[in-house]
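Here is a short briefing for a first look at this structure. Keep the sequence and the 3D view open as you read.

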Amino acid sequence: SVDVFDQAQKFAKENGMPVIISETGYPSGPRLLGYTEEKQAQYVKKAFEKAFALDGINGIGIWRYRDSSWRSFPPQENRFGLKDSKGRSKPAWDALKESVSKLN
């Protein structure tokens, strides 16, 4: 959910200063927990659209560029990358490129 963007907008307005969201993202797996590459791509698209529409948000950082090659717990922590651990693009990478190309 991109609800955090509304909270950041409210914070920016209350404090009279813009906000940069330094870390946001959505994992692409494991499917067993309901995460998919398609949902990750939808999140990236929605996050960019939401951030761009709100004047209190000056920037966002998508976490992370590439999946971890090492394994940690919980398992979704390894799958926040927009590319897999071998560097192959996931649908979220294409969503990022498309969203950036639409910025004015």
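By about how many helical turns are D94 and K97 separated in helix α3? They are separated by about one helical turn, because they stand three residues apart in helix α3. The model is predicted, so local features need pLDDT of at least 70 and side-chain atom pairs count only at pLDDT 80 or more, while totals for chains, interfaces and linings use all residues. Residues are numbered from 1 along each chain as its sequence is written, and side-chain values use heavy atoms, with hydrogens and water left out.

**Strands and crossover**

- Strand β1 covers residues 19–24 and strand β2 covers residues 57–62. Helices (H or I, at least four residues) and strands (E, at least two) are DSSP runs, numbered from the N terminus.
- β1 and β2 pair in the parallel sense, over four bridges. Two strands pair if DSSP finds at least two bridges between them.
- The chain runs from β1 through α2 to β2, and this β-α-β crossover is right-handed. That is, with the strands pointing away from the viewer, the path from the first strand over the helix to the second runs clockwise.
- T24 has I62 in β2 as its bridge partner.

**Cis peptide bonds**

- G29 and P30 are joined by a cis peptide bond, with omega about 5 degrees. P30 sits in the loop between β1 and α2.
- F73 and P74 are also joined by a cis peptide bond, with omega about -5 degrees. P74 sits in the loop between β2 and α3 (91–101).

**Buried residues**

- Q40 lies in helix α2. Q40 counts as buried because its relative accessibility is 1%. The classes are buried (under 20% relative accessible area), exposed (over 50%) and partly exposed (in between), with a 1.4 Å probe and protein chains only.
- Not counting residues up to four places away in sequence, Q40 touches several residues, including Y26, P27, R79, F80 and K90. Contact means heavy atoms within 4.5 Å.
- W93 lies in helix α3. W93 is buried, with a relative accessible area of 18%.
- Leaving aside neighbours within four places in sequence, W93 is in contact with Y65, L82 and K83. W93 and K83 are 10 residues apart in sequence and 6.6 Å apart in space, C-alpha to C-alpha.

**Salt bridges**

- The structure holds nine salt bridges. Each is a side-chain nitrogen of Lys or Arg within 4 Å of a carboxyl oxygen of Asp or Glu.
- D55 forms one with K13, and the closest N and O atoms are 3.0 Å apart. This pair links distant parts of the chain: D55 is in the loop between α2 and β2, K13 is in helix α1, and they are 42 residues apart. D55 counts as exposed, at 55% relative accessibility.
- E14 forms one with K10, and the closest N and O atoms are 3.7 Å apart. Both lie in helix α1 (residues 3–15), four residues apart, about one turn of the helix.
- D94 forms one with K97, and the closest N and O atoms are 3.7 Å apart. D94 counts as partly exposed at 43% relative accessibility, and K97 counts as partly exposed at 46%.

**Surface patch**

- F52 lies in helix α2 (residues 37–53). F52 counts as partly exposed, because its relative accessibility is 49%.
- F52, V100 and L103 make a nonpolar surface patch of about 260 Å². Patches take residues with over 30% relative accessible area and no salt bridge, joining like charges within 9 Å and nonpolar side chains (Val, Leu, Ile, Met, Phe, Trp, Tyr) within 5 Å. Accessible areas come from the Shrake-Rupley method with a 1.4 Å probe; for residues, only the protein chains shown count as cover.
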